[in-house]
Amino acid sequence: MMVGYMAYLIVALLVIIFLSAAIRILREYERGVVFTLGRFTGVKGPGLIILVPFVQQMVRVDLRVVVQDVPPQDVISRDNVSVKVNAVLYFRIVDAERAIIQVEDFMAATNQLAQTTLRSVLGKHELDEMLAERDKLNSDIQEILDQRTDAWGIKVSNVEIKHVDLNESMIRAIAKQAEAERLRRAKVINADGEQQAAAKLVEAGRMLAAEPQAMQLRYFEALHDIAGERSSTVVFPLPVELLGQFMKGQSK
């Protein structure tokens with residue numbers, strides 16, 4: 001009896017071990033790359049997967065979007081400015097077979113490729129472009145990475161440049177440049193205003209010259225404005241024409 005019970009127990013243990021080695025459950029976002037005696041035999045999942053113990057092996061692959069931080073990279077821009085740039089990389093696996101078979105470690109390979117691509121692309125642009133055209137740079141880096149990782153079954157969906165760090169001397173130089181640019185714009189705006197005012201004055205002078213009564217009305221308006229001022233000094237405008245008539249009378 002004891003021998004029979006021991007035999008049943010051993011058989012039960014073997015069945016449990018067999019089932020635990022044979023049964024796999026994959027979640028909805030997981031796939032299993034199955035190898036039979038070392039040879040690829042297919043991609044399975046999600047759900048219940050049954051393997052032949054010691055004959056088949058399975059590698060789990062996560063199909064969700066992976067967010068990976070690209071470490072800060074020392075970049076020398078086209079105008080010879082040294083900066084530190086880091087970025088964030090978003091990608092996911094679209095072909096589990098190629099992600100496992102074609103590359104040893106797709107996570108490390110993608111990260112290293114992102115670092116070299118970041119340095120290569122940003123090194124072709126000037127500092128002003130790095131600061132002002134990030135959307136274009138993000139698109140260029142994403143397109144290059146997507147093309148190079150396609151052979152690994154990886155889809156790079158987005159790349160975002162996070163920070164462009166400058167040294168203190170370059171920050172001061174940029175501040176001086178921005179101040180000079182603001183002064184230049186202020187002078188240009190002031191010159192445009194003077195030009196427009198001069199054009200309006202010329203137009204007004206022509207109108208007043210065409211209508212002498214209008215000049216007389218402007219003279220009365222100036223007198224009215226002076227009378228309203230509370231000042232101890234009164235400046236009385238005298239028309240030039242009146243002075244001319246007066247000078248002619250004196251000469252006679």
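Predicted model: local features only at pLDDT ≥ 70, side-chain atom pairs only at ≥ 80, totals over all residues.
Gln73 is buried, because its relative accessibility is 6%, under the 20% cut-off.

**Gln73 and its surroundings**
- You can find Gln73 in strand β6.
- The side chain of Gln73 reaches the backbone oxygen of Pro71, at 3.0 Å.
- Setting aside neighbours within four places in sequence, Gln73 is in contact with Val83, Lys84, Val85, Gln115, Leu118 and Arg119.

**The β6–β7 hairpin**
- Strands β6 and β7 run antiparallel and are joined by nine bridges.
- Across this pairing, Val70 stands opposite Ala87 in β7.
- The two strands, β6 and β7, form a hairpin with five residues between them.
- Asn80 sits in the turn and has a positive phi of about 65°.
- Is Asn80 buried or exposed? Asn80 is exposed, because its relative accessible area is 66%, over the 50% cut-off.
- Asn80 and Gly123 are 43 residues apart along the chain, yet their C-alpha atoms are separated by 9.0 Å.

**Salt bridges**
- How many salt bridges are there? The count comes to 11.
- One of them joins the side chains of Glu30 and Arg60, with 3.1 Å from N to O.
- That pair links distant parts of the chain: Glu30 is in strand β2 and Arg60 in strand β5, 30 residues apart.
- Glu30 is buried, with a relative accessible area of 9%, whereas Arg60 is partly exposed at 40%.
- Another salt bridge is formed by Glu126 and Arg78, whose closest N and O atoms are 3.7 Å apart.
- Here, too, distant parts of the chain are linked: Glu126 is in the loop between α3 and α4, and Arg78 is in the loop between β6 and β7, 48 residues away.
- Asp146 pairs with Lys155, the closest N and O atoms being 2.9 Å apart.
- Asp146 counts as buried at 17% relative accessibility, while Lys155 is partly exposed at 33%.
- Salt bridges with shared partners also join Arg27, Glu30 and Arg60 into one network.

- Helix α1 and strands β1 and β4 each supply at least two of the patch residues.
- Which element gives the largest share? That is α1, with four residues.

Technical notes
Residues numbered from 1 in each chain as written. Heavy atoms only, no water. Buried < 20%, exposed > 50% of the residue type's maximum accessible area, 1.4 Å probe, protein only. Polar contact = N/O pair within 3.5 Å; in protein donor to acceptor, adjacent residues only side chain to side chain. Contact = heavy atoms within 4.5 Å. Pairing = 2+ DSSP bridges. Salt bridge = Lys/Arg side-chain N within 4 Å of Asp/Glu carboxyl O.
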